[in-house]
Amino acid sequence: MIAALALLAAAQTALATPPQPGAPPAPIPLMIAEPVAMAIAAFDSDQDGSVTRAEFDTGVRRSFELSAKGQPALGYIAFGDWSERWLGNRNALPSPFEVDGDGDNRITMIELQARFDLFFTRFDADKDGSLRRSELLTVRTLPTPGQQPDRRRRDR
């Protein structure tokens, strides 16, 4: 939350301060939510803006059970259906190849949980065992409109 406010203040300052002649324009900050972060946010069953470890584990299990429909594993096509429903797109990450730990072309709940455990650890920035919405955001910078990408000449 503090980082988001600092970023907003910096963006407002950059917009309010006219650029110095000859100075390169400041990059534009952008906050995005990765598809997996959107799925995790949906696991917030009590709608308090924070996903506890229990809500997270229940959400992963529920998402698997709704897609597996009583089967012990999802094939890659069924995982695509899971991905479209929970991540917003069949091609969103994680891919079935990342989740299928034993390479048998089937994804079990244990494999899905193992992959999602890595996401929980990655997103839990303050290591308090829950994920706030601010922890699920990724800050990226985009070039200022009209700015050319850095194209350095490579001498071989």
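Ser83 is placed in helix α4 of this predicted model. With a relative accessibility of 0%, Ser83 counts as buried, because the limit for burial is under 20% relative accessible area. When neighbours within four places in sequence are left aside, the contacts of Ser83 are Gly88, Asn89, Arg90 and Ala92.

The chain that holds this residue has 6 helices and 6 strands. Along the sequence, these elements follow the pattern α-β-α-β-α-β-α-α-β-α-β-β. Of the 156 residues in the chain, 31% are buried. Among contacts between residues at least 6 apart in sequence, 61% join residues at least 24 apart.

Helix α2 covers residues 35-42, and Val36, Ala37, Ala39, Ile40 and Ala41 are buried in this helix.

The crossing of α3 and α4 is right-handed. On the side of α3, the contact is made by Arg62, Ser63, Phe64, Leu66 and Ser67, and on the side of α4 by Trp82, Arg85 and Trp86. The residues of this contact divide into 4 nonpolar, 2 polar and 2 charged.

A further helix packing involves α3 and α6. The axes of α3 and α6 come within 10 Å and cross at roughly 140 degrees. The crossing of α3 with α6 is right-handed. Here Arg53, Phe56, Asp57, Val60, Arg61, Ser63, Phe64 and Glu65 of α3 meet Met109, Leu112, Gln113, Phe116, Asp117 and Phe120 of α6. By residue type, the contact of α3 with α6 holds 7 nonpolar, 2 polar and 5 charged residues. Ser63 and Phe64 of α3 take part in the contact with α4 and also in the contact with α6.

Aromatic side chains were examined next. A pair of aromatic rings is described by the distance of the centres and the angle of the planes. The count comes to 9 aromatic pairs. In one of them, the rings of Phe43 and Phe116 have their centres 6.4 Å apart and their planes at 45 degrees, so the pair is tilted. This pair links distant parts of the chain, since Phe43 lies in the loop between α2 and β2 and Phe116 in helix α6, 73 residues apart. Phe43 has a relative accessible area of 6% and is therefore buried. Phe116, at 0% relative accessibility, likewise counts as buried.

Phe116 also forms an aromatic pair with Trp82, and this pair is edge-to-face, with 5.9 Å from centre to centre and 90 degrees between the planes. Trp82 in helix α4 and Phe116 in helix α6 are 34 residues apart, and the pair again links distant parts of the chain. Both Trp82 and Phe116 are buried. Trp82 is also one of the residues of α4 in the contact with α3, while Phe116 is one of the residues of α6 that α3 meets. Ring pairs link these residues into a cluster that consists of Phe43, Phe56, Phe79, Trp82, Trp86, Phe116, Phe119 and Phe120.

Some features of the backbone remain to be described. The peptide bond from Leu93 to Pro94 is cis, with omega near 10 degrees. Pro94 is found in the loop between α4 and α5 (96-99).

Gln47 is a residue other than glycine with a positive phi, near 55 degrees. Gln47 is found in the loop between α2 and β2, the loop that also holds Phe43. At 60% relative accessibility, Gln47 counts as exposed, whereas Phe43 is buried. Lys69 is not a glycine either, and its phi is positive, at about 50 degrees. Lys69 has its place in the loop between α3 and β3 (73-75). With a relative accessibility of 69%, Lys69 counts as exposed, because the limit for exposure is over 50%.

Conventions:
Residues are numbered from 1 along each chain as its sequence is written. This is a predicted model: local features need pLDDT of at least 70, side-chain atom pairs count only at pLDDT 80 or more; totals for chains, interfaces and linings use all residues. Side-chain values use heavy atoms; hydrogens and water are left out. Buried means under 20% relative accessible area, exposed over 50%, partly exposed in between (1.4 Å probe, protein chains only). Helices (H or I, at least four residues) and strands (E, at least two) are DSSP runs, numbered from the N terminus. A crossing is left-handed if the near helix is turned anticlockwise from the far one by less than a right angle, and right-handed if clockwise. Contact means heavy atoms within 4.5 Å. Ala, Val, Leu, Ile, Met, Phe, Trp, Tyr, Cys and Pro count as nonpolar, Asp, Glu, Lys and Arg as charged, and the others, Gly among them, as polar. Rings of Phe, Tyr and Trp (its six-membered ring) pair if their centres lie within 6.5 Å; planes under 30 degrees apart count as stacked, over 60 as edge-to-face and the rest as tilted. Axes are lines fitted to C-alpha atoms, for helices over the stretch in contact, and angles run from 0 to 180 degrees between N-to-C directions.
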